[in-house]
Amino acid sequence: MNLWRTTTQVACALLLIASQPIASQLNAQPRRGPDPFFDTLREIHYDNPDNEILEVLRHEIVREAIGLKTEDWNAVRQNIRESMESVFKLRNELRKQQPQLSQTQLKQKLVETMQPYQEKNFQLLKERSDFQRLIGVYVQTRNFRSAATNIVAKEIGLEGNALIEFREKKAELWHQKMEEMRRKLGDNIRNPGDNQRGPSNLLFEKAEKDIELALKRELTHDQRQKLEALKGELIELPEAKRPGPPNRGSEGRGRDNRGPSPKDCPDCECPPF
C-alpha cells in the first residue's frame, strides 16, 4: 500500500482513515532533519503496532464482512482524528517547554495521550462488530508481519522476550529493505524504462516476500498454524497502488504519476507495505 505521504509509521496507519485537514497539518510540518518527537512516535509504533489493524477498515468490503455500521465507522474515524489532534497539540506544548523532556519522558507522554483513543476504538469494535473476523482479515493482509501486534501475538502464543525479539527482527529487516529500495528506486527514477512502474512494483513485492520469509522462520510451527487458522474465510481486497518513478511523458506531469520524493515522506521511514 502507498504510505509515502506521511511522517511516521503510526501516522501512516492512522492518516489513511483520518481527515484531510490533519493530513495537511502533518505534511506542513517543518522539514529540518530528523525530529525526536516523530522518532519517538515511530518507536512507540514498533513497541505496539496494533493501530495497523484499523487500516483495513478503510475497505467497505471489510466493514460489511464484520458488520460495522456506518455510524460506528464514523465514530472510529473521529477517535483517530482526535488522537492525531491531541498528538499535535502535545507537540506544540512541548516545543515551548524548558527544559526539554528526555526521550523516555516523551515516550510516556505520547503513550498516555494516544492510548485512550486506541482502547476506545478497540472496545467499540469488540462490542459492535465481529472483531475476530477483523483480526482474521488483518492477518490475511499482513501474514507473518501481523504477529508483531499485541492482539495477534496473544492469539498465537508469542509473548515475552520472543515477542520483543520478533519485533526487533521485523524492524531490522524493514530498515535493511528500505535502504535497498531507496537506492534502487533512485536508479529507476534516474534511468526510467518503458514500463516505469513495473520495476518499482517488483522491488516492493520482493521486499515483502523477503521479509515474510525471514519472519516465518522466527515463529514456531505451532504459532504458524495458529496464525493461519486466524485468517478465516479469505476476502479479496482491492489491489493497492505502489508508488513508482515519475512519468516524464506528456501524460505524466500530474501529481498521481510522480514517484516518491522527500516531500512525500519528510524525515521518515514509512513502510510502503
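In helix H12 (residues 221–230), Gln223, Leu227 and Leu230 are buried. Seen down the axis of H12, these buried residues fall within an arc of 55 degrees, so they line one face of the helix. The arc is taken from the directions from the helix axis to the C-beta atoms. Buried means under 20% relative accessible area, exposed means over 50%, and partly exposed lies in between (1.4 Å probe, protein chains only). Helices are DSSP runs of H or I with at least four residues, strands are runs of E with at least two, and both are numbered from the N terminus.

This is a predicted model, in which local features need pLDDT of at least 70, side-chain atom pairs count only at pLDDT 80 or more, and totals for chains, interfaces and linings use all residues. Residues are numbered from 1 along each chain as its sequence is written, and side-chain values use heavy atoms, with hydrogens and water left out.

**Helix H12 and what follows**

The other side of H12 carries exposed residues, His221 and Ala229. The cover over the buried residues of H12 includes helix H8 (131–142) and helix H9 (150–156). Just after H12, Gly232 takes a positive phi of about 65 degrees.

Lys231 also sits in the segment after H12. Lys231 is buried, at a relative accessible area of 13%. Its side chain makes a polar contact with the side chain of Glu228, at 3.1 Å. A polar contact is a pair of N or O atoms within 3.5 Å; within protein, one must be able to donate a hydrogen and the other to accept it, and residues adjacent in sequence count only if both atoms are side-chain atoms. Leaving aside neighbours within four places in sequence, Lys231 is in contact with Arg133, Gly136, Val137, Val139, Gln140 and Asn143. Contact means heavy atoms within 4.5 Å.

**Nonpolar cores**

A nonpolar core is a set of buried Ala, Val, Leu, Ile, Met, Phe, Trp, Tyr and Cys residues joined through side-chain atoms within 4.5 Å. The largest one has 37 residues. Leu57, Leu125, Leu134, Leu158, Leu219 and Leu227 touch the most other members. Two or more residues each come from helix H4 (52–55), helix H6 (70–96), helix H7 (103–128), H8, H9, helix H10 (160–190), helix H11 (197–218) and H12. H8 gives the largest share, six residues.

Take Leu134. Leaving aside its neighbours within four places in sequence, Leu134 is in contact with Ile53, Val56, Leu57, Val62, Ile66 and Leu125. In soluble globular proteins, nonpolar side chains tend to be buried together.

**Aromatic pairs**

The structure holds three aromatic pairs. Rings of Phe, Tyr and Trp (its six-membered ring) pair if their centres lie within 6.5 Å; planes under 30 degrees apart count as stacked, over 60 as edge-to-face and the rest as tilted. Phe37 and Phe38 form an edge-to-face pair, 5.4 Å centre to centre with 85 degrees between the planes. Phe37 is buried at 5% relative accessible area, and Phe38 is buried at 6%. The rings of Phe122 and Phe131 have their centres 6.0 Å apart and their planes at 85 degrees, so this pair is edge-to-face. Both Phe122 and Phe131 are buried. Phe37, Phe38 and Phe88 form one aromatic cluster.

**Salt bridges**

A search of the whole structure finds 13 salt bridges. A salt bridge is a side-chain nitrogen of Lys or Arg within 4 Å of a carboxyl oxygen of Asp or Glu. The table includes some of the 13.

| Salt bridge | Closest N to O |
|---|---|
| Glu180 and Lys177 | 3.5 Å |
| Glu179 and Arg182 | 3.0 Å |

Glu180 and Lys177 are three residues apart in helix H10, about one helical turn. Glu180 is partly exposed at 27% relative accessible area, whereas Lys177 is buried at 13%. Glu179 and Arg182 are also three residues apart in H10, about one helical turn. Glu179 is partly exposed at 37%, and Arg182 is partly exposed at 35%.

Lys226 and Asp222 both lie in H12, four residues apart, about one turn of the helix. Lys226 is partly exposed at 36%, and Asp222 is partly exposed at 40%. Salt bridges that share partners also join Glu52, Glu55, Arg58 and Arg142 into one network.
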